[in-house]
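Here is a short briefing on charged side chains and their partners. Keep the structure open as you read.

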Amino acid sequence: MTTAPIVFLKGHGTENDFVIVPDPDNAIDLPASAVARICDRRAGIGGDGLLHAVRSAAHPEARDMASEAEWFMDYRNADGSVAEMCGNGVRVFARYLQHAGHVTAGDVAVATRDGVKRVHLAKNGDVTVAMGRARLPEEGVTVTVGGRSWPARNVNMGNPHAVAFVEDLAHAGDLLSEPPYAPAAVYPEGVNIEFVADRGVRHVAMRVHERGAAETRSCGTGACAVAVAAARRDGADPAATGTPVTYTVDVLGGTLVITEHPDGEIEMTGPAVIVAEGRIDPAWVAAG
């Protein structure tokens with residue numbers, strides 16, 4: 001761990017909040033224990049995750065992407081575990097790059113463990129991310145909460161999701177702990193579980209338990225998974241019809257707009273803001 005103060009920023013996308021640690025040269029050691037300490041909401045700064053901002057050329061997991069994307073989003077869950085991708089996180093990451101003067105409004109490429117993501121920073125403040133294509137493994141699970149059970153659609157957005165449609169979002173319970181699901185072998189690395197209720201035509205609301213973070217106010221990849229699952233449930237498949245499908249997805253922290261195109265590419269649009277900057281005492285982090 002460095003002995004110099006660690007610069008950080010705080011940002012959120014539809015209230016899915018993140019601690020951002022700029023580290024262009026990948027010089028700051030961030031073990032899981034340090035990330036968990038920083039993300040602790042009572043004893044630390046607090047966040048659903050941590051965005052370690054590193055130049056792609058300086059990170060062993062991103063060097064092969066450096067020719068396409070200058071910056072790598074080394075994303076960590078709040079418990080310190082490494083994650084492949086975070087949709088709200090990549091929007092906030094792009095907003096940070098703009099805030100820091102590394103990019104301007106317009107298009108920017110961001111390297112992630114799920115490949116290079118194309119991001120558009122609109123002048124009205126919205127950020128649109130090309131999230132890639134969804135994979136729909138055939139094997140699903142049954143999710144159970146408080147004596148109720150629902151089949152859950154398996155959707156992979158670079159990270160795994162189980163999408164369950166419910167009559168009332170309150171049926172998801174408090175989501176302080178991961179809802180039981182079976183068979184567990186379907187998700188050997190854990191899963192993000194979305195509970196979804198209809199609000200209107202191509203309009204749904206969701207709650208989510210994110211692996212490594214419990215319930216969060218929003219989940220970008222989860223909103224994409226929900227939109228795809230809802231479209232298939234509703235008989236809509238852009239690849240078959242040649243027509244894009246758009247769903248409005250309400251999350252606890254706001255609203256995201258998800259569009260699936262005929263080529264399978266999924267775009268997510270929503271806000272992203274930077275709210276604070278500061279410095280972390282490295283001795284405090286190391287003490288944990």
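**Salt bridges in a predicted model**

At 10% relative accessibility, D17 counts as buried, because the cut-off for buried is under 20%. Keep in mind that this model is predicted. The whole structure holds 18 salt bridges. Side chains of opposite charge can pair when their charged atoms come close.

**A buried pair and its network**

- D17 pairs with K10 in a salt bridge. Their closest N and O atoms are 3.2 Å apart.
- K10 is buried too, because its relative accessible area of 15% falls under the 20% cut-off.
- The pair belongs to a network of salt bridges. K10, D17, R41 and D48 are linked in it.

**A bridge between two loops**

- R113 and E61 form a salt bridge, with 2.8 Å between the closest N and O atoms.
- This pair links distant parts of the chain, 52 residues apart. R113 sits in the loop between β5 (106-112) and β6 (115-121). E61 sits in the loop between β3 (49-55) and β4 (71-77).
- R113 is partly exposed, with a relative accessible area of 24%.
- E61 is also partly exposed, at 46%.

**A bridge between a loop and a strand**

- D263 and R133 meet through their side chains in a salt bridge, at 4.0 Å from N to O.
- D263 lies in the loop between β16 (254-260) and β17 (265-271), and R133 lies in strand β7 (residues 126-133), so the pair ties together parts that are 130 residues apart in sequence.
- D263 has 48% relative accessibility and counts as partly exposed.

- Where does E210 lie? E210 is part of strand β13, which covers residues 203-210.
- Which side chain joins E210 in a polar contact of 2.6 Å? That partner is the side chain of T216.
- Leaving aside residues up to four places away in sequence, E210 touches N16, N192, T216, S218 and C219.

Notes. Residues are numbered from 1 along each chain as its sequence is written. This is a predicted model: local features need pLDDT of at least 70, side-chain atom pairs count only at pLDDT 80 or more; totals for chains, interfaces and linings use all residues. Side-chain values use heavy atoms; hydrogens and water are left out. Buried means under 20% relative accessible area, exposed over 50%, partly exposed in between (1.4 Å probe, protein chains only). Helices (H or I, at least four residues) and strands (E, at least two) are DSSP runs, numbered from the N terminus. A polar contact is a pair of N or O atoms within 3.5 Å; within protein, one must be able to donate a hydrogen and the other to accept it, and residues adjacent in sequence count only if both atoms are side-chain atoms. Contact means heavy atoms within 4.5 Å.
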